[in-house]
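Hi everyone, thanks for making time. I'd like to walk you through one structure today, so let me put it on the screen.

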Amino acid sequence: QVQLVESGGGLVQAGGSLRLSCAASGSIFSIRAMGWYRQAPGKQRELVALITSGGSTNYADSVKGRFTISRDNAKNTVYLQMQMNSLKPEDTAVYYCNAVAETVLRTVGYWGQGTQVTVSS
């Protein structure tokens, strides 16, 4: 089991910045990738940024050059961050932290509770 706790959302004006954080605990040794997804009202949840255990990153085209994903490994916790710069009103959504964990038997995805990001114009 992996537990994810997010923080850092809020209200910001267009052009501003926010930093999202996610703390992963539990069976962190099994985590193969972590990422941020977002879901705006009336839309499907979409991948924003992903980072693998090897450090490779992937970004949605809409956030390339503005968002940066990173992770830090502590003894019992993995910290996932996403720096969001030059925010736009269309970035408004609930942002979810995700972790993909692998065991011998299966691959499981875990989700955080979500944090609201609102960008005003």
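I'll go through a sheet, a disulfide, the nonpolar core and one arginine. Please keep in mind that this is a predicted model.

Let's begin with the sheet. Which strands form it, and in what order? There are 4 strands, and they run E1-E3-E8-E7 in an open sheet with antiparallel pairing. At the edges sit strand E1, residues 2–7, and E7, each of which pairs on one side only. From one strand to the next, the twist averages 15 degrees. If you zoom in on E1 and E3, you'll find 6 bridges between them, in the antiparallel sense. To pick out a bridge by residue, look at Val2, whose partner in E3 is Gly26. As a quick reminder, strands of a sheet pair through backbone hydrogen bonds, either parallel or antiparallel.

How many disulfides does the model have? The count comes to 1. The bond joins Cys22 and Cys97, with the sulfur atoms 2.2 Å apart. For those of you who like torsions, the angle about the S-S bond is -80 degrees, which makes the link of Cys22 and Cys97 left-handed.

The largest nonpolar core has 33 residues. Within that core, Leu4, Met34, Trp36, Met82, Met84 and Tyr95 touch the most other members. Several strands give two or more residues to the core, including E1, E3, strand E4 (31–39), strand E5 (46–52) and strand E8 (78–84). Which element gives the most? It is E9, with 5 residues. In soluble globular proteins, nonpolar side chains tend to be buried together.

Where does Arg66 sit? You'll find Arg66 in the loop between strand E6, residues 57–59, and strand E7, residues 67–73. Why does Arg66 count as buried? Its relative accessibility is 10%, and the cut-off for buried is under 20%, so Arg66 falls on the buried side. Leaving out residues up to four places away in sequence, Arg66 touches Gln83, Met84, Asn85, Ser86, Leu87, Lys88 and Asp91.

Technical notes:
Residues numbered from 1 in each chain as written. Predicted model: local features only at pLDDT ≥ 70, side-chain atom pairs only at ≥ 80, totals over all residues. Heavy atoms only, no water. Buried < 20%, exposed > 50% of the residue type's maximum accessible area, 1.4 Å probe, protein only. Contact = heavy atoms within 4.5 Å. Disulfide = S-S within 2.5 Å. Pairing = 2+ DSSP bridges. Axes fitted to C-alpha atoms, helices over the stretch in contact; angles between N-to-C directions. Core = buried A, V, L, I, M, F, W, Y, C linked by side-chain atoms within 4.5 Å.
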